[in-house]
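This report covers one predicted model.

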Amino acid sequence: MIRPARVALSAALALTLAASGAASAAAAPPSAGVGAPTGAASWAADTWRSMAAMADPTTGLPADNIGGDLSPTSRARYTSPTNIGAYIWSAVAARKLHVIGEREQVRRISRALDSLARLERHPDSGMYYNWYDPSTLQLLRTWPEDGSSVYPFASSVDNAWLAAALMIVHNAVPQLRHRSDPLLRAMDFAFFYDSTARGPDVPAGLMRGGFWVEPPPGCSTAGNYQHRGPDVHYTCHTYGSFNSETRMISYVAIALGQVPPAHYFAPWRTFPDTCDWSWQEMRPVGQWREYLDVPVFEGAYRYQGLQFVPTWGGDMFEELMPDMFVPEEQWGPDSWGRNHPVYVRGQIAHGMDDAKYGHWGFSPASDPQGGYREYGVDAMGLDTNGYTSDQERTSVDYGFAGCEGRPAQPQPAAYGDGVVTPHAVFLAMRYAPAEARAELARLRSQFDSYGPGGFYDAVAVRSGTVAKRYLALDQGMIMAALGNLYGGDVLRKEFTRGGAERFLRPVMRIEEFSVPARQ
């Protein structure tokens, strides 16, 4: 039987939105720029320039991307909740780093909040749909680039990134609480929560990927977890892999008191080591443990002499983007505190030693040949067909020892045109600062990789082809990394004050990954 949340939604939400201005002076973050290496100030100023250029001057909402010359005519004609959230938290980081003043911060965030209040959203959950026109604020039903149909979809992870930004606004820009708080209060993440997904004997469930309000093409399942309003059409999948950007949904929902804290343990770290799960990249090592009556298989993979909990696709974005808002290595010293440094080392080892690109930093980004692609280290992801690090999609398959039909395949003799993205390097800087600064220096000296808005989005390092455009999400990750590293962990502190500190931190501190403390 599923146990109800231990706190009422209204009480938890009030706690999350409570002012935290009584923090002691001793806990105040260091002033921006302290300990910053040469170049950090220009990285921040230039990256913010690209974010500002993406914002529509009338609505204040950012486009999804913009051309490398920052021309207003090159702004994309679509945006998403994630893009809007990235723009808002980037403004907070820019203010902390003294790139902009308080007046500009308030003006920009205020305009964005006003526009958010005007966007059409799902009335019964308070969730935003995935795509809007940033100039007209219209919900997109036709894709502006090719005229194809768009079925309005409310993504759980995209809404989580926006909710995180609204939580930050409450604490960082208190004069705007009267605009941000009503938007956040309306967002009910329990609308995505399938409490029975792990079975009747597990007291916690999983999050759906999202829902459509109209039957879409392909797979969907009708339902309504909150029994409020008409049924929606949920994605057929739940998010079962925990080491992914999708864990941000769990962080937000637990912090808001909308799902039980035990939900933290419901997604898989790796899938179990039995032949029923032999489709995954390799046979994991590990053991079963139990936390808050939830059975957890603490599995891990091995690559390049390192043992770690893999992401879904093997990329830096999944491993480290939630870490921009939750101090995972501090709150989970025996889990994330072990995994993050080792995962970064694995990415570096892939680029420098295994694939021999002479560069590293693999994450979904612009394809230098055009469009967008997922990049990662295949061996570091659960998905058998995982994200690859080169244009040729050179993959590995370690098989699943002991299971029929899953023999190991020969390792690749060589890799092709590797694609690295600067945002992955910035995300890794907390855990490998010297290596990250060295990689950024190599990218800038060896390629035409830096423009008026900072580092361009991606580089194919063997051909030297550069994706000369800027993405709101990727630039937002760079701004968040810089704001935390050189602005006293500003986004982490402003996100976690309230419900995250009370409800999330206690469950994070009790877990131990199957990752050795010393490697």
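Arg289 stands opposite Val296 in strand S9. The pairing behind this is antiparallel: strand S8 (residues 285-291) and S9 are linked over seven bridges. Two residues separate S8 from S9 in a hairpin, and Leu292 in its turn has a positive phi of about 50 degrees.

On its other pairing, S9 runs antiparallel to strand S10 (residues 306-308), with three bridges between them. Here Tyr301 has Phe308 of S10 as its bridge partner. S9 and S10 also form a hairpin with two residues between them, and the turn residue Gln304 has a positive phi of about 50 degrees. Is S9 enclosed or open to the outside? Eight of the ten residues of S9 (residues 294-303) are buried, so the strand is largely enclosed by the rest of the structure.

The largest nonpolar core has 150 residues. Trp89, Leu116, Phe189, Tyr264 and Phe495 have the most contacts inside this core. Helix H5 gives the most to the core, with eleven residues. In soluble globular proteins, nonpolar side chains tend to be buried together. Leaving aside residues up to four places away in sequence, Trp89 touches Trp161, Ala165, Ile168, Met321, Met324, Phe325, Gly476, Ala480 and Leu491.

The largest pocket holds about 930 Å³ of space. It is lined by 36 residues, and those closest to its centre are Val157, Glu245, Phe317, Glu374 and Tyr387. Two or more lining residues come from each of helix H3 (81-96), helix H5 (156-172), helix H8 (316-320), strand S18 (469-471) and helix H13 (472-486). By class, the lining of this pocket has 17 nonpolar, eleven polar and eight charged residues.

Three cavities of 30 Å³ or more are present in the structure. Two of them are set out below.

| Cavity | Volume | Lining by class |
|---|---|---|
| Largest cavity | about 90 Å³ | seven nonpolar, one polar, two charged residues |
| Second largest cavity | about 60 Å³ | five nonpolar, four polar, one charged residues |

Residues lining the largest cavity include Leu320, Met324, Phe426, Arg430 and Asn484. Helix H11 (422-428) and H13 each supply at least two residues of this lining, and H13 gives the most, with three residues.

Key: Residues numbered from 1 in each chain as written. Predicted model: local features only at pLDDT ≥ 70, side-chain atom pairs only at ≥ 80, totals over all residues. Heavy atoms only, no water. 1 Å grid on protein atoms, 1.4 Å probe; cavity = no way out; pocket = protein on both sides within 12 Å on 5 of 7 lines; lining within 4 Å. Points joined across faces, edges and corners; volume = space filled by probe spheres on them. Helix = DSSP H or I, 4+ residues; strand = E, 2+ residues; numbered from the N terminus. Nonpolar A, V, L, I, M, F, W, Y, C, P; charged D, E, K, R; others polar. Core = buried A, V, L, I, M, F, W, Y, C linked by side-chain atoms within 4.5 Å. Buried < 20%, exposed > 50% of the residue type's maximum accessible area, 1.4 Å probe, protein only. Contact = heavy atoms within 4.5 Å. Pairing = 2+ DSSP bridges.
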